[in-house]
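Student: Before we use these terms, I would like to hear what each one rests on.
Tutor: Then look at the chain and ask.

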Amino acid sequence: MTGRNGFTVWLTGLSAAGKSTIGRLVAAELERRGALVEVLDGDVVRTHLSKGLGFSKPDRDRNILRIGWVASRLTRAGAAVVVSAISPYRDTRREARAFVEEHGTFVEVYVATSIEECERRDPKGLYQRARAGEIAEFTGVSDPYESPEHAEIEIHTEGRTPEESAALVMAKLEELGLVPAEAIA
């Protein structure tokens, strides 16, 4: 892949849905195909770009808008940007999309994993802590998650490996003409 047209793949879904895992696999495949790739993972961004922000709606919105703005700059520069962020509110995702679409294509990927499965996977024990009242404003428990209404792709991860989910994202990117299709040997 040698074109200069950047794009952003925005993975959204509940905590422990598989966004980061799928995002890493997609980024690795894009790099393998020759793309300049940048990954913006929600947890990492909160550590560096959004340090000090809490989890109130205004702070979450500010965090997502920062990610959207950075993604738009990278897209403008020709990068393939992979964002993995809960991004729970539709309006804020729409604003992030608008930032990116000034410069390239925005591909929203809804990682549609049930809350029951997310709680079962929960590597950090966050759902248990939220249900015990230790974490306020936790998406899916005490704060809403607004599912995308018009995502370019919706992936149900239950019964599907992360590699299979990433392959679905890559197939969509091929279909949209953002990456060349792999030749079958």
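The questions below take up some terms used for this chain.

Tutor: This is a predicted model, in which local features need pLDDT of at least 70, side-chain atom pairs count only at pLDDT 80 or more, and totals for chains, interfaces and linings use all residues. Residues are numbered from 1 along each chain as its sequence is written, and side-chain values use heavy atoms, with hydrogens and water left out.

Student: Why is Arg94 called partly exposed?
Tutor: Buried means under 20% relative accessible area and exposed over 50%, with partly exposed in between (1.4 Å probe, protein chains only). Arg94 has 46% relative accessibility, so it counts as partly exposed.

Student: What makes the pair Arg94 and Asp91 a polar contact?
Tutor: The term needs a pair of N or O atoms within 3.5 Å; within protein, one must be able to donate a hydrogen and the other to accept it, and residues adjacent in sequence count only if both atoms are side-chain atoms. The side chains of Arg94 and Asp91 make such a contact at 2.4 Å.

Student: How do you know that the radius of gyration agrees with a compact globule?
Tutor: The radius is taken over C-alpha atoms, and the globule rule is 2.2 Å times the number of residues to the power 0.38. For 185 residues a compact globule would be near 16 Å; the chain has 16 Å, therefore the two agree. The C-alpha trace spans about 50 × 35 × 30 Å along its principal axes.

Student: Which residues is Val169 in contact with, leaving aside neighbours within four places in sequence?
Tutor: Contact means heavy atoms within 4.5 Å. On that basis Val169 is in contact with Val9, Ile22, Val26, Val109, Ile153 and Ile155.
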